[in-house]
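Please look over the sequence and the model first, and then read the report below with both at hand.

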Amino acid sequence: MKQEIVQIFAAFAGTFGFSAFLHLDKKKLFPVSLAGSFIWALFLFIKHKSGNEMVALFFASIIASVMAEIFARILKAPSTVFLISILVPLIPGGNLFYTMSHLVLGEGEAFKQYLRLVLWEASSIALGMMVVTSFVHLERQLWNYRIKNKSKR
């Protein structure tokens with residue numbers, strides 16, 4: 001439990017640092033950093049309950065995308081700005097490092113194993129983002145369709 005708490009605080013610090021590096025507005029740094037730490041806590045919880053890291057990444061990225069859309073509406077900025085920062089804790093950095101390390105060292109089998117893992121992790125995150133983005137896009141199209149049809153009456 002102590003390790004998870006440290007990880008959640010590290011997720012907050014990492015999200016804060018990455019957001020500051022991207023020159024995110026100062027009033028948006030704290031909420032985005034809280035969201036990043038929340039997403040990491042959610043990831044840990046789902047991973048613990050399901051026993052599957054890909055499932056945890058998928059659902060955490062769905063919630064991160066929803067949070068980014070909400071922040072975009074409230075804080076009046078593109079959702080991408082928030083989404084990139086919120087997803088920082090989910091990036092499979094360690095596995096990506098090992099993938100490249102095995103490539104450089106010429107260890108083909110280990111490289112393939114880690115590459116497959118990194119691609120699965122990245123795909124889980126991307127699929128979660130796509131679900132929310134598709135839903136938001138569909139909702140906007142339906143909203144515009146309703147507005148057009150009301151004005152024709």
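## The chain as a whole

Of the 153 residues that make up this protein, 35% count as buried. The structure is a predicted model, and every value given here should be read with that in mind. The protein contains six helices and zero strands, and when it is read along the sequence its pattern is α-α-α-α-α-α. Along its principal axes, the C-alpha trace spans about 70 × 35 × 30 Å.

The surface and the contacts can be described with a few further totals. The protein exposes about 10,100 Å², and 70% of this area is supplied by carbon and sulfur atoms. Among the contacts between residues at least 6 apart in sequence, 61% join residues that are at least 24 apart.

## The nonpolar core

In soluble globular proteins, nonpolar side chains tend to be buried together. Which residues touch the most other members of the largest nonpolar core here? That core has 28 residues, and the ones that touch the most other members are I39, F43, F71, F82, I86 and L90. Helix 2 (26–50), helix 3 (53–75) and helix 4 (79–86) each supply at least two residues of this core, and helix 3 gives the largest share of it, namely ten residues.

Not counting residues up to four places away in sequence, F82 touches K28, V32, A68, F71, A72, L75 and A77.

## Helix 4 and its buried face

In helix 4, the residues F82, L83, S85 and I86 are buried. Seen down the axis of helix 4, these buried residues fall within an arc of 170 degrees, so they line one face of the helix. An α-helix has 3.6 residues a turn, so residues three or four places apart point the same way.

S85, which lies in helix 4, is buried with a relative accessible area of 1%. If its neighbours within four places in sequence are left aside, S85 is in contact with T15, F18, S19, L22 and V32.

A64 is found in helix 3, where it is buried with a relative accessible area of 0%. Leaving out residues up to four places away in sequence, A64 touches I39, L83, I86 and L87. The residues A64 and I86 are 22 residues apart along the chain, and their C-alpha atoms are separated by 6.4 Å.

E69 also has its place in helix 3, and at a relative accessible area of 14% E69 is buried. E69 and I91 are 22 residues apart in sequence, and in space they are 20 Å apart from C-alpha to C-alpha.

Y114 is found in helix 6 (residues 108–152), and at 24% relative accessibility Y114 counts as partly exposed. Not counting residues up to four places away in sequence, Y114 touches N95, Y98, T99 and H102.

| Pair | Apart in sequence | C-alpha to C-alpha |
|---|---|---|
| A64 and I86 | 22 residues | 6.4 Å |
| E69 and I91 | 22 residues | 20 Å |
| Y114 and N95 | 19 residues | 6.3 Å |

## Two loop residues with positive phi

H23 lies in the loop between helix 1 (2–21) and helix 2. Phi of H23 is near 60 degrees, which is a positive value in a residue other than glycine. Is H23 buried or exposed? With a relative accessible area of 71%, H23 is exposed.

K76 lies in the loop between helix 3 and helix 4. Phi of K76 is near 55 degrees, again a positive value in a residue other than glycine, and K76 counts as exposed at 70% relative accessibility.

Methods:
Residues numbered from 1 in each chain as written. Predicted model: local features only at pLDDT ≥ 70, side-chain atom pairs only at ≥ 80, totals over all residues. Heavy atoms only, no water. Core = buried A, V, L, I, M, F, W, Y, C linked by side-chain atoms within 4.5 Å. Buried < 20%, exposed > 50% of the residue type's maximum accessible area, 1.4 Å probe, protein only. Helix = DSSP H or I, 4+ residues; strand = E, 2+ residues; numbered from the N terminus. Contact = heavy atoms within 4.5 Å. Areas by Shrake-Rupley, 256 points an atom, 1.4 Å probe, with all protein chains shown as cover. Arc of directions from axis to C-beta.
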